[in-house]
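Hi everyone, thanks for coming. Please have the sequence and the picture open while I talk, and stop me if a word is new.

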Amino acid sequence: MTNDNPINSSAPAGISRRYFLQVTAAGVVTASALGASGLKARAAAYEKFTWISPRGTLEVLDDYPYWSAKKAGYFGDLNTDMQPGPSDGTATVKFVDVGQADMGFPSPGVFSFAIQNGMKLKSVFHMGARDTFSIAFRKGQGTKNLKDLEGKTILLGSAAWQAIVDPLLAAQGVDIKKVKYVEAGWPTWGTALAGGQGDAALSWEGLRAEWIAKGLDFEYWLGVQNSKLPANTFVVRAADLEDADKKAFLEKYLRGWAMGLEFGYQNPRAAVEAVFEQFPTLAKNLGPELGTTSILQQINVFRGDMDKRGGWGSHDMASWQGFFDEILKIGQITAPVKAEDVCTNDLIPAANDFDKAKVKADADGAKLSEGFAALDVEKIKAHLFDSAVK
């Protein structure tokens, strides 16, 4: 894969967006799914609300707020569903656009892909307050100056991830035309880097700990320490916000996520256990210490500068505007985007309207298994960034 713009290269001129969706997600968003009979008729609100992952799997710790909230009953009587989706990096927005899912979790780069291709989506809950993305290097080969990547090769798990890396590099002063990308496959791109392919690989918080569990011991340039760009966000169809019943549902649904985030902040170990109960294989592979390390990395991203924000999920519009301005400069979008037109904090007050003292009591009262109870969380926090490039 060369450094051609993925959006322009994947949506040829003269081909409609409807046709584009059919051909680029063949077997996933099918032609029949786009027909009149395929688009699911919906009741006033949602009969079953479906959230779709951006990574093709649910067997990760990234979604701990949902599993914590589900276990604690914070979604109440809402009929909710989690789907892994395909590993195609853009499926999380395509499925929402055509009505096969109700909420996606794209990176800002993939969200910009949706905007560029005319999908009428809106960001309603900004999960990643800090930049979660990082660049992994084989040990001894890392750099603090990403301009050193000019002339080098970066491995990706999906070609669509170029839309994530290009703005990250450009914001650090890198001439992205001088960087080569190789799609090394999901979930093998990290293994490929360890095996000597390429010079670097895209990674993110939480995954760092999971890679250690797989024996992939890299050093990292960390976006959470060096980047001002936003990270992944929850998006819905913009039209759903115009429906009073659906808007009320969304507020209640997002309140469940916000309560799960608060629960994890108060008791990270209990949040990890909630995920491990869902996915025993993940529990076996990670274990208590690396599981807790992974979730602490993500809590740092999700919580961010909470004292300056309007609660869990609040968008920093200046950060988003900076991102849209950056990708306009590099040609990732072809028209200016005003952050307030595609991101909204309208649902945030209702989503954060819950009894925080009760959630803290729930978290404090959660019974930990022996392996988790023995962990020293403060010691793990003290070494959270030991793998950063020195």
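Let's start with a term: a salt bridge is a side-chain nitrogen of Lys or Arg within 4 Å of a carboxyl oxygen of Asp or Glu. The general idea is that side chains of opposite charge can pair when their charged atoms come close.

Some housekeeping. What you see is a predicted model, where local features need pLDDT of at least 70, side-chain atom pairs count only at pLDDT 80 or more, and totals for chains, interfaces and linings use all residues. Residues are numbered from 1 along each chain as its sequence is written, and side-chain values use heavy atoms, with hydrogens and water left out.

So, how many salt bridges does the structure hold? There are 15 salt bridges. One of them joins Lys252 to Asp77, with the closest N and O atoms 3.0 Å apart. This pair ties together distant parts of the chain, 175 residues apart: Lys252 sits in helix α11 (residues 244-266), and Asp77 in the loop between α4 (64-72) and β2 (80-83). Those labels come from DSSP runs, numbered from the N terminus: helices are H or I with at least four residues, strands are E with at least two.

Are these two buried or exposed? Here buried means under 20% relative accessible area, exposed over 50%, and partly exposed in between, using a 1.4 Å probe and protein chains only. Lys252 has 34% relative accessibility, so Lys252 counts as partly exposed. Asp77, at 64%, counts as exposed.

Asp362 is partly exposed at 26%, and Lys358 is partly exposed at 45%.

Lys360 and Asp364 form a salt bridge too, with their closest N and O atoms 2.7 Å apart. They are four residues apart in α17, so about one helical turn separates them. Lys360 is partly exposed at 37%, and so is Asp364 at 46%.

Salt bridges can also link up: Asp102, Arg237, Asp240 and Lys246 are joined in a network of them.

That's my tour, so over to you for questions.
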